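Thanks, everyone. Let's get the structure up on the screen and walk through some helix packing.

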Amino acid sequence: MGIYDIQVNELIKKASEELKKIDVMKAPEWSRFVKTGTSKERPPVDRDWWYARSASVLRKLYIYNSPIGVSKLRKKYGGKKNLGHKPERTYKGSGKIIRTIFQQLEKAGFVKQLDKKGRKGRILTTKGKSFLDKLGK
C-alpha cells in the first residue's frame, strides 16, 4: 500500500497531525491573518490550516516526482475570484505561504533544492517519501 491507495483527505489529515509534532514545522505569527490568495476574501477558518497546506505540498511533491517550484504550486493553489457582474478570473495563490512551507520542510529534511542543467525546483528526499509511505499504510 502507498499514498495512492488511501483517500486524499485522510492522508492530508494524518500527515498534518504528524507534522504538528515536528519542532521545525510551526505556523508563523502572520499566518493567523493572511489570506491564502487574492481570490479569497477572508483568511482560513481552520486554525490548523498551515499544517494541512504543508501536508498537501508534500503530497504534490510525491505525486509529481520531479522538481517543482513555487510558481507551479501557486497555480495549483489558486482559484477564481468573484468580480460581481463581471466574468470570474483565475488568480494565483500566495507565494509567500508556499515558499515558507518549503523552507520549513527543508529544515525538517523532507525536501531539498535541485538546480542542475536548467531543472530548478524542490524535490522530495528519501526521508520525505518514507514519511508519506508510512502514513499510507
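One definition before I start. When I say contact, I mean heavy atoms within 4.5 Å. And buried means under 20% relative accessible area. Keep in mind that this is a predicted model.

Start with α1. What covers its buried residues? The cover includes α2 and α5. The buried residues themselves are L11, I12, A15, S16 and L19. Seen down the helix axis, they fall within an arc of 125°, so they line one face of α1. An α-helix has 3.6 residues a turn, so residues three or four places apart point the same way. Now the other side. The face of α1 turned away from the buried side carries N9 and K13, which are exposed. α1 has 13 residues, which should span 18 Å at 1.5 Å a residue, and its end C-alpha atoms are 18 Å apart.

Next, α2, residues 49–64. This helix has 16 residues and reaches 22 Å from first C-alpha to last, close to the 22 Å expected. How many of those residues are buried? The count is 12 of 16, so call α2 mostly covered. Among them are W49, W50, R53 and Y62. What do the buried residues pack against? The list is α1, α3, α4, β3, β4 and α5. After the helix comes N65, with a positive phi, near 55°.

Now the rings. There are 4 aromatic pairs. One of them is W49 with W50: ring centres 5.5 Å apart, planes at 75°, and over 60 counts as edge-to-face, so that is what we call this pair. Both tryptophans are buried, W49 at 9% relative accessible area and W50 at 1%. Together with W30, they form one aromatic cluster.

Charges over rings come next. R53 lies over the face of Y77, 4.3 Å from the ring centre. K81 has its charged end over the ring of Y91, at 5.7 Å from the centre.

Last stop, T36. Where is it? T36 is in the loop between α1 and α2. Buried or exposed? T36 counts as buried, because its relative accessibility is 8%, and the cut-off is under 20%. Beyond its neighbours within four places in sequence, T36 contacts P44, W49, R53, G93, S94 and I97.

Note on methods. Residues are numbered from 1 along each chain as its sequence is written. This is a predicted model: local features need pLDDT of at least 70, side-chain atom pairs count only at pLDDT 80 or more; totals for chains, interfaces and linings use all residues. Side-chain values use heavy atoms; hydrogens and water are left out. Helices (H or I, at least four residues) and strands (E, at least two) are DSSP runs, numbered from the N terminus. Buried means under 20% relative accessible area, exposed over 50%, partly exposed in between (1.4 Å probe, protein chains only). Rings of Phe, Tyr and Trp (its six-membered ring) pair if their centres lie within 6.5 Å; planes under 30 degrees apart count as stacked, over 60 as edge-to-face and the rest as tilted. A charge sits over a ring if NZ of Lys or CZ of Arg is within 6 Å of the ring centre and within 35 degrees of the ring normal. The expected span of a helix is 1.5 Å times one less than its number of residues. The arc is that of the directions from the helix axis to the C-beta atoms.
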